[in-house]
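Work through the exercises below with the coordinates open. Each task is followed by a solution in steps.

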Amino acid sequence: MASDPDEGFTVVLTGRSLTAMTTTATIGPTTGITSLPFEPYRDRPDDELRQRILAVKEELSDALLILGHHYQQDEVIQFADMRGDSYKLSQLAAQSQTCRSIVFCGVHFMAETADVLSRDEVAVYLPDLAAGCSMADMADLESVEAAWQDLSDLVDTKDITPVTYINSSADLKAFCGRHGGIVCTSSNARAVLEWAFARRSRVLFFPDQHLGRNTARTMNVPLEQMPVWDPRRPLGGNTADSLRSSRVILWRGHCSVHQRFRPEHVAQFRQRFPASRILVHPECTMKVVEAADLVGSTEFIIKTVQQAPAGSVWGIGTELHLVNRLAHEHPDQTIQFLSPMVCMCATMYRIDLPHLAWCLENLARNTPVNRIRVDSETAHWSRVALQRMLEVN
Ligand code: SF4
């Protein structure tokens with residue numbers, strides 16, 4: 001299959017993430033509860049839940065660290081001790097020295113990464129186990145191992161570096177660790193690909209085809225050498241020759257949020273705001289990235305807006321909650337959502353006040369729920385791949 005930047009535009013946002021379903025929940029020893037009870041959470045007013053959350057924060061003090069992803073809704077992120085994108089939050093989890101518990105207001109793979117990188121005595125919790133990532137669910141270990149086996153019939157896999165975006169399950173990070181591979185984020189994808197090409201001539205990049213393609217394009221890798229691997233088709237839908245001549249094999253995965261931005265949204269925005277600049281995330285399609293003025297990670301987007309002069313006009317292509325927050329925090333600039341459609345991370349949105357209050361109160365009562373625990377073998381090899389990434393940085 002040729003590298004088609006626009007293929008696979010079907011948007012599927014599942015209500016319940018597959019990765020989330022593979023998690024073992026630590027349930028309350030006496031209650032046996034595995035999901036949020038109606039009473040006394042769903043039936044309580046927001047004000048009461050806010051007070052109860054603050055009470056637990058005060059009680060647990062430094063023993064508790066609440067981490068909040070930038071895409072999180074305001075009613076939840078206001079309680080985060082620290083905010084960041086997936087990479088920054090994983091660093092914060094690794095650096096935490098005083099806390100005993102991390103409550104992660106993000107999605108499942110982020111909580112897994114926090115568990116892998118944090119000290120052994122730290123336990124990590126996800127307020128709603130169904131808060132997964134549709135992109136992470138598009139690559140699973142079985143499919144990646146099958147692809148690796150197929151590729152081994154055509155090329156020497158010792159000459160392929162597996163690179164996984166941090167938005168992936170821990171067992172895929174462990175796969176990379178075991179096979180001389182590495183993790184990347186949207187901030188460091190180029191540095192990671194340079195690291196990979198300095199060692200081996202080929203890369204298998206998963207799960208986000210767009211980040212892989214957009215990054216490799218900045219390194220002048222031609223599209224013809226970036227076949228897309230569809231795990232449902234023999235040889236990923238490619239010919240043996242195209243795989244033999246490939247440099248970056250892109251997994252057929254995408255972010256259901258960022259793939260909704262279209263090049264025509266950029267054109268329409270420029271027409272409405274001729275003085276605007278377009279700032280997008282590299283999980284957007286190649287055509288959107290090519291039409292934009294600036295491309296970068298969530299942290300890059302935030303810093304760019306923070307450093308812009310008053311009067312700047314932005315069309316921003318990333319998750320809706322973040323764009324709205326930026327607009328609110330910078331009233332001296334015009335900050336608008338790039339798409340006329342709503343593009344928000346529906347799974348992250350599952351973490352709400354009732355779930356956060358439920359998770360925290362059970363923690364305070366010593367009947368913890370929704371602990372995310374990566375087994376020691378998987379954690380070891382995930383850490384190997386993550387450490388390689390931290391060293392590249
Ligand atoms: S925004 Fe996209 S990549 Fe990020 S957590 Fe949501 S579905 Fe996953």
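A cavity is a set of points on a 1 Å grid over the protein atoms alone where a 1.4 Å probe fits but cannot get out, and lining residues have an atom within 4 Å of a point. Grid points are joined across faces, edges and corners, and a volume is the space filled by probe spheres set on the points. The model is predicted: local features need pLDDT of at least 70, side-chain atom pairs count only at pLDDT 80 or more, and totals for chains, interfaces and linings use all residues. Residues are numbered from 1 along each chain as its sequence is written, and side-chain values use heavy atoms, with hydrogens and water left out.

**Exercise 1.** Find the volume of the largest cavity and the residues nearest its centre.

Step 1. The whole structure holds 1 cavity of 30 Å³ or more. Its volume is about 300 Å³.

Step 2. The lining comprises 29 residues, with His69, Tyr71, Met110, Asn167 and Glu283 nearest the centre.

**Exercise 2.** Classify the pair of phenylalanine 206 and tryptophan 251.

Step 1. Rings of Phe, Tyr and Trp (its six-membered ring) pair if their centres lie within 6.5 Å; planes under 30 degrees apart count as stacked, over 60 as edge-to-face and the rest as tilted. The search finds 5 aromatic pairs.

Step 2. The centres of phenylalanine 206 and tryptophan 251 are 6.3 Å apart and the planes are at 70°, so this pair is edge-to-face.

Definitions and conventions:
1 Å grid on protein atoms, 1.4 Å probe; cavity = no way out; pocket = protein on both sides within 12 Å on 5 of 7 lines; lining within 4 Å.
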